[in-house]
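Open your viewer and get ready to click through this model. Each stop tells you what to select and what is there.

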Amino acid sequence: MKFTESRGNDGERPAEVPFSAALMSPSASFGGIYCPAALPPLPPDFLAAHLDSSYKRLAQALLEHLGLDIDAAILRAALDRYDRFDDREDPVPVIRLDDRLFVAELYHGPTRAFKDIALQPFGTILSALAKRDDRQFLILTATSGDTGPAALETFRDAPNIRVVCLYPAGGTSDVQRLQMVTEAAPNLKVLGIDGNFDDAQTALKSLLASASFNARLRDLDIALSAANSVNFGRIAFQIVYQFHAYLALVRQREIEIGRPVALHIPSGNFGNALGAYYARALGLPVARIVIASNANNVLTEWIETGRYDMSKRQLIATASPAMDILKSSNVERVLFDLYGAARTRELMTLLDTQGWYQLEDAELARLQAVFAAVCCSDDEALAQIRAAWARGYLLDPHTATCLKACRGEPWKAEVNIVHSTAEWTKFAPVVERAIHGAETRDDRAALRAIADAAGIGIPAAIANLFDRPVAHPEIVAPGDIEARILDFLGA
Ligand SMILES: *Cc1c(COP(=O)(O)O)cnc(C)c1O
């Protein structure tokens, strides 16, 4: 599979690149990103043939089908990262909540959020390619709280890779912050940013595009890459679990092959949803992909009205901070796939200059053939956490944003798969507020209270965080980031 540029080609870069190139240098002409030039449909018997495949075997078959230019040995080593998940035989358990409602638990990796599923193998591949080519890479990542820990964890002590992780100071939970600032390794640097996640992401994008910064890096012989979900190296692995969850329902005799399901996805930067979009394009029977948002419901408005509008919005801090995003990066790949490069460039230019665009009616109809949308307030999400708790299931606040839709029209008549993107342990104060009404507890107290009430333990990876020394205390203004990074690189 070849990759092409979402906003067309500037005549200087290659118009098409292989997967490895899109993964190592993710920025494309005119500020665009790389997208699959075409998606080869799977053979009709693919699902039946993989009914009994392990997660790793399924992943290997799908990625081979996509024709990614990664050595078989490197791909195998990347997929072996799933052996570090809670159950190596079943890294993504699919749980039945009721007749028509199933939860794909995507958070059983080392940092307890679904980012591990893509970043664990991605880290192995990027480091292996860097070593093979004898190149040094700097990975810049901006995080709203879950990408950072997962990126640091996958690249800790990785050969030929250095990582700088930017997070919004005060914009993450204690657990998320500690997962980052206690991650000590000589190749890792964590910086708190005075600002919100959009500020961190904007700072990252302007550094990636900065000619002077790139020139300094060239002097140092360091190449720049990104581990954010715009990197297709992550998206590739997010296609796999869409198939896995479907096949799990077939194995559990809940559905027969061919029955369309609704996928419910708590969305921010739209990487998870894009994985679902590609899975559907490859042939997975999906009736609709239902995009759940919190009060920052720019995606709800986009899918319901065709208007993508950030111009009149301020980012709102919610109980589901990983979804507190207004500029959702992977939407661009949907635009490209549905409307082509010229129109994508036009729409993204409008978004960059005036803060909004409006799709035409015919364009909106094509979008709505694939996606539906729901937005869920914090109060509604907390009510869902409380209701699930009453039935013995712990939900995190991101996953909770999906539940309202599953139980309402028209989805209650469908077979629904909810993507659970985080373990409750990452957002314990919110869960504690939902189930006990307690307001002011810190993460540690909330973890203990919930674990005691549920009669379970706090996973060691979370419990140990509070005793680890802080290795990265710094908080900086966006304007100082470049200088701090050059310091870290020894420039
Ligand atoms: C990253 C994240 C999301 C949003 O996923 P996208 O792929 O960016 O849409 C949702 N929930 C949690 C817990 C996350 O960490």
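Start with the ligand: it sits in the largest cavity. Keep in mind that this is a predicted model.

**Stop 1: the ligand and its surroundings**

Now colour the shell by class.

**Stop 2**

Zoom in on aspartate 146. An N or O atom in its side chain is 2.4 Å from an oxygen atom of the ligand. Next, select glycine 268. Here a polar backbone atom is 2.7 Å from an oxygen atom of the ligand. Then select asparagine 269. One of its backbone N or O atoms lies 2.8 Å from a ligand oxygen.

How much of the ligand does the protein bury? Taken alone, the ligand exposes 380 Å², and the protein buries 97% of that.

**Stop 2: the open sheet**

Find the open sheet of five strands. Its order is β9-β6-β7-β8-β16, and the pairing is parallel. Which strands stand at the edges? Select residues 222-226 for β9 and 475-476 for β16. Each has a single partner strand, so one side of each is left without a neighbour in the sheet.

What holds such strands together? Strands of a sheet pair through backbone hydrogen bonds, either parallel or antiparallel.

Now select β6, residues 136-142, and β7, residues 161-168. These two pair in the parallel sense over six bridges. Click threonine 141, then look across to β7: cysteine 165 stands opposite.

**Stop 3: two loops**

Go to the loop between α5 (115-132) and β6, where aspartate 134 lies. Check the backbone angle phi of aspartate 134. Its value is near 55°, which is positive in a residue other than glycine.

For the last stop, move to the loop between α17 (397-407) and β15 (416-420). Select proline 410, which lies in this loop. Is the peptide bond from glutamate 409 to proline 410 cis or trans? This bond is cis, with omega near -15°.

Technical notes. Residues numbered from 1 in each chain as written. Predicted model: local features only at pLDDT ≥ 70, side-chain atom pairs only at ≥ 80, totals over all residues. Heavy atoms only, no water. Polar contact = N/O pair within 3.5 Å; in protein donor to acceptor, adjacent residues only side chain to side chain. Areas by Shrake-Rupley, 256 points an atom, 1.4 Å probe, with all protein chains shown as cover. 1 Å grid on protein atoms, 1.4 Å probe; cavity = no way out; pocket = protein on both sides within 12 Å on 5 of 7 lines; lining within 4 Å. Sits in = over half its atoms within 2 Å of the grid points. Pairing = 2+ DSSP bridges. Helix = DSSP H or I, 4+ residues; strand = E, 2+ residues; numbered from the N terminus.
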